[in-house]
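Hello,

Here is the structure I promised to pass on to you.

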Amino acid sequence: MMAEFSPRTDTSTDGDTDDKAMGFNNGQSHGLVVSDASDKSRDQKTLRRLAQNREAARKSRLRKKAYVQQLESSRMKLSQLEQELQRARQQGIFISSSGEQSQSTSGNGASSFHVEYARWLEEQNRRITELREAVSSHAADGELRVIVDGAVAHYEDIFRIKGDAAKADVFHILSGMWKTPAERCFLWLGGFRSSELLKLLITQLEPLTEQQLLAINNLQQTSQQAEDALSQGMDALQQSLAETLAGSIGPSGNVANYMGQMAMAMGKLGTLEGFIRQVRLYIITHTRDWLWQLATILSLFFFFTVLPTAEADNLRQQTLQQMHRILTTRQSARALIAINDYFSRLRALSSLWLARPRE
Amino acid sequence: MDRVTHLASKKAAVIFTKSSCCMCHSIKTLFYELGASPEIHEVDQDADMEKALQRLGCNPAIPAVFIGGKYVGSARDVISLHVDGSLKQKLIEAKAIWF
């Protein structure tokens with residue numbers, strides 16, 4: 001009968017099973033040999049002690065197992081955090097309690113861009129100050145023109161610097177982490193919206209001739225149209241990525257097809273080194289097959305995101321140049337000052353925000 | 001090459017694209033915003049067409065924009081022309097749009 005309920009009790013004499021350790025008083029099924037009365041009580045005490053020891057040992061083993069599992073999962077979390085930190089450092093984000101923004105010490109691409117950008121800003125501020133003085137002191141047109149042309153040429157410098165930085169790490173440029181928080185709010189494809197700047201300038205540049213007003217309005221409109229078109233192109237890129245991800249994870253994925261298309265289109269950018277660098281960045285951390293596919297797709301996406309970003313910068317450049325063609329020297333000077341003031345105010349706002357009192 | 005020239009002259013505005021090309025999408029959008037109805041030729045499956053475009057001097061080959069049968073340029077060229085106002089002018093001249 002006993003055998004039906006607990007088959008092991010019949011075969012096991014060692015008693016090292018959970019049922020037994022629970023202290024079931026079924027001593028008779030153990031098949032114990034009982035001697036005289038005093039021996040019996042001593043044996044029973046011993047047996048009880050042994051049973052309790054076994055129970056304690058079992059519980060200790062379970063606790064140890066739980067502790068080791070906890071250690072394992074903490075170790076995994078730690079390595080994940082280390083990876084995130086590494087990634088953040090690569091983007092030049094300084095992790096500090098003051099929430100201050102980017103001064104990475106690791107001397108890589110992103111941080112060298114930050115240094116170059118800071119230097120450019122300083123030079124820009126100097127030129128604008130010079131421009132302001134020239135305008136308020138009613139400098140001669142010829143002299144003003146020289147200063148204005150210099151400031152415009154300097155503006156073009158940043159597009160070149162940005163372009164190089166984008167080829168190395170387009171996502172850093174797109175993230176806007178190299179700009180202050182308030183500027184980031186208005187970020188579009190890694191920079192400002194020319195159409196918005198032009199709207200601002202129309203009010204600041206009065207008086208404008210009828211012809212100028214018409215031209216500036218047209219420029220504002222065409223800029224907006226081009227911006228919308230580029231935004232849609234960017235959306236299409238993200239959409240195709242999403243579709244590819246949905247369809248390509250797993251053994252039946254069409255990754256090869258996607259990669260083939262991209263590789264063919266890639267020729268126009270002509271930076272094989274950059275492509276390999278981006279892919280390597282991801283496969284280092286991924287060893288499993290489908291993760292490798294995912295990594296490859298993502299790296300291709302990041303790589304191709306350079307295209308709309310580059311075109312957005314080109315649009316900014318073209319719009320600024322066109323604006324200067326429409327305006328007189330003095331108007332251009334005032335426009336450059338106004339643009340600089342606008343961004344200065346945004347940066348001042350960011351400083352206030354970053355310095356806000358926190359618990 | 002003849003095929004490209006032939007297709008390019010059939011409509012006032014013709015664009016050769018590829019489904020995987022995001023700049024093609026931008027340029028198409030721009031044309032639609034202007035009210036033009038360009039004829040779109042996707043060359044995903046047509047390697048010969050793409051080579052023909054390259055031979056014609058289109059660089060990058062995709063997107064290749066033709067207005068009034070003449071090659072106008074690729075994505076960046078079109079955006080530049082749009083900014084200085086000449087894209088609209090060319091479209092009006094080719095009667096792709098009227099205003």
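Across the interface of chain A and chain B in this predicted model, the rule finds one salt bridge. Its partners are B:Arg76 and A:Glu311, and the closest N and O atoms are 3.2 Å apart. On the side of chain A that touches chain B, three helices each supply at least two residues: α11 (210–248), α12 (255–266) and α15 (306–326). The largest share comes from α11(A), with 11 residues. By type, the residues on this side of chain A divide into 11 nonpolar, nine polar and four charged.

As for the extent of the interface, 24 residues of chain A are in contact with 22 residues of chain B. The area buried between the two chains is about 2000 Å², and carbon and sulfur atoms give 60% of that area. Five residue pairs are in polar contact between chain A and chain B, counting pairs with both residues at pLDDT 80 or more.

Now to the fold of chain B. You will find an open sheet of four strands there, in the order β2-β1-β3-β4 and with mixed pairing. Its edge strands are β2 (39–42) and β4 (70–73) of chain B, each of which pairs on one side only. From one strand to the next, the twist averages 25°. Helix α2 of chain B, residues 22–33, packs on this sheet and touches β1 (13–17), β2 and β3 of chain B. The direction of α2(B) makes about 160° with that of β1(B).

As a reminder, strands of a sheet pair through backbone hydrogen bonds, either parallel or antiparallel.

A few backbone details are worth a look too. B:Pro63 has its place in the loop between α3 (47–55) and β3 of chain B. Chain A has a cis peptide bond as well, running from A:Glu206 to A:Pro207 with omega near 0°. A:Pro207 lies in the loop between α10 (194–204) and α11 of chain A.

Still in chain A, please have a look at A:Leu189, which has a positive phi of about 45° although it is not a glycine. You will find A:Leu189 in the loop between α9 (181–185) and α10 of chain A.

Finally, a word on salt bridges in general: the structure holds 18 of them over all chains. One of these joins the side chains of A:Asp149 and A:Arg145, at 3.6 Å from N to O. Both residues lie in helix α7 of chain A (residues 141–168), where A:Asp149 and A:Arg145 are four residues apart, about one turn of the helix. Side chains of opposite charge can pair when their charged atoms come close.

Happy browsing, and do write back with any questions.

Best wishes

Technical notes:
Residues are numbered from 1 along each chain as its sequence is written. Chains are lettered from A and ligands numbered from 1 in the order in which they are written. This is a predicted model: local features need pLDDT of at least 70, side-chain atom pairs count only at pLDDT 80 or more; totals for chains, interfaces and linings use all residues. Side-chain values use heavy atoms; hydrogens and water are left out. Contact means heavy atoms within 4.5 Å. Buried area is the accessible area (1.4 Å probe) that two parts lose on being put together, summed over both. A salt bridge is a side-chain nitrogen of Lys or Arg within 4 Å of a carboxyl oxygen of Asp or Glu. A polar contact is a pair of N or O atoms within 3.5 Å; within protein, one must be able to donate a hydrogen and the other to accept it, and residues adjacent in sequence count only if both atoms are side-chain atoms. Ala, Val, Leu, Ile, Met, Phe, Trp, Tyr, Cys and Pro count as nonpolar, Asp, Glu, Lys and Arg as charged, and the others, Gly among them, as polar. Two strands pair if DSSP finds at least two bridges between them. Axes are lines fitted to C-alpha atoms, for helices over the stretch in contact, and angles run from 0 to 180 degrees between N-to-C directions.
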